[in-house]
Amino acid sequence: TQEMVNRMIEESNADVVVHTAAISDIGTCEADPEASYFANVQIPMYLANACKDNNRKLICFSSDQVYSACEDCGPYTEENKLEMEKRVLDILPSAVMLRAEWMYDYYEKRSNYLMMILNAIHTQDSVSFSSKQFRGITYLKEVAENMDKVI
């Protein structure tokens, strides 16, 4: 509940709350969209309210993966992620919203996108990206090494 989150944030005495939790399993999200919405949209809003009320900084991490609103062959939309980001920022404009491509993967110098582009150049195939996605390329190692700067 909002009250439980408020109490946890207040009792933590933390200056910064770094939010990385979510339901990210595709099957779980599809099987229980209400639980997915609660975890992935409502709880970050609870955190934003608690950080606002307790004068804390909030950093929300999100993967760039999308699990809902998919038609058979696309397009993929990010309605829940965008809604969460907008609602959190409406509550706490100073919140930082970060999307990471391989947050829980190993460090790799070349991203999937770069590899896809290099393969397309090599084979002279065409490459297309959805105009409905908002994403960036981030490596967990770089995030961890720069967390002090982010805070």
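Reply: A residue counts as buried when its relative accessible area is under 20%, as exposed when it is over 50%, and as partly exposed in between. Keep in mind that this is a predicted model. Tyr46, with a relative accessible area of 15%, is therefore buried.

Me: What share of the residues in the protein chain is buried?

Reply: Of the 151 residues in the protein chain, 35% are buried. The surface can be described too: the chain exposes about 9,900 Å², and 54% of that area comes from carbon and sulfur atoms.

Me: How many helices and strands does the protein chain have?

Reply: There are 7 helices and 3 strands. In sequence order they give the pattern α-β-α-α-β-α-β-α-α-α.

Me: How many residues are in the largest nonpolar core, and which have the most contacts inside it?

Reply: The largest one here has 18 residues, and Leu58, Val88 and Leu92 have the most contacts inside it. Two or more residues each come from α1 (2-12), α3 (33-53), β2 (57-63) and α4 (79-91). Helix α3 gives the most, with 7 residues.

Me: Which residues does Leu92 touch, not counting those up to four places away in sequence?

Reply: Leu92 touches Ala48, Cys51, Lys52, Arg56 and Leu58.

Me: Cys51 is on that list. How many disulfides does a search of the whole structure find?

Reply: The test is whether two cysteine sulfur atoms lie within 2.5 Å of each other. The search finds 0 disulfides. The sulfur of Cys51 has its closest cysteine sulfur in Cys60, 8.0 Å away, so the two are too far apart for a bond. Cys60 is likewise in no disulfide. Cys51 has a relative accessible area of 1%, so it is buried, and Cys60 also counts as buried because its relative accessibility is 1%.

Me: How is a pair of aromatic rings described?

Reply: Two values are used: the distance of the centres and the angle of the planes. In this structure the count comes to 1 aromatic pair. Phe38 and Tyr46 form it, at 5.9 Å centre to centre and with 80 degrees between the planes, in an edge-to-face arrangement.

Me: Is Phe38 buried, partly exposed or exposed?

Reply: Phe38 has a relative accessible area of 39%, so it is partly exposed.

Me: Where does Asn6 lie, and with which side chain does its own side chain make a polar contact?

Reply: Asn6 is part of helix α1. Its side chain makes a polar contact of 2.8 Å with the side chain of Gln2. Beyond its neighbours within four places in sequence, Asn6 is in contact with Asn49, Ala50, Asp53 and Asn54.

Me: Where does Asn55 lie?

Reply: Asn55 is in the loop between α3 and β2. Not a glycine, Asn55 has a positive phi of about 55 degrees. Asn55 counts as exposed because its relative accessibility is 73%.

Notes. Residues are numbered from 1 along each chain as its sequence is written. This is a predicted model: local features need pLDDT of at least 70, side-chain atom pairs count only at pLDDT 80 or more; totals for chains, interfaces and linings use all residues. Side-chain values use heavy atoms; hydrogens and water are left out. A nonpolar core is a set of buried Ala, Val, Leu, Ile, Met, Phe, Trp, Tyr and Cys residues joined through side-chain atoms within 4.5 Å. Buried means under 20% relative accessible area, exposed over 50%, partly exposed in between (1.4 Å probe, protein chains only). Helices (H or I, at least four residues) and strands (E, at least two) are DSSP runs, numbered from the N terminus. Contact means heavy atoms within 4.5 Å. A polar contact is a pair of N or O atoms within 3.5 Å; within protein, one must be able to donate a hydrogen and the other to accept it, and residues adjacent in sequence count only if both atoms are side-chain atoms. Accessible areas come from the Shrake-Rupley method with a 1.4 Å probe; for residues, only the protein chains shown count as cover. Rings of Phe, Tyr and Trp (its six-membered ring) pair if their centres lie within 6.5 Å; planes under 30 degrees apart count as stacked, over 60 as edge-to-face and the rest as tilted.
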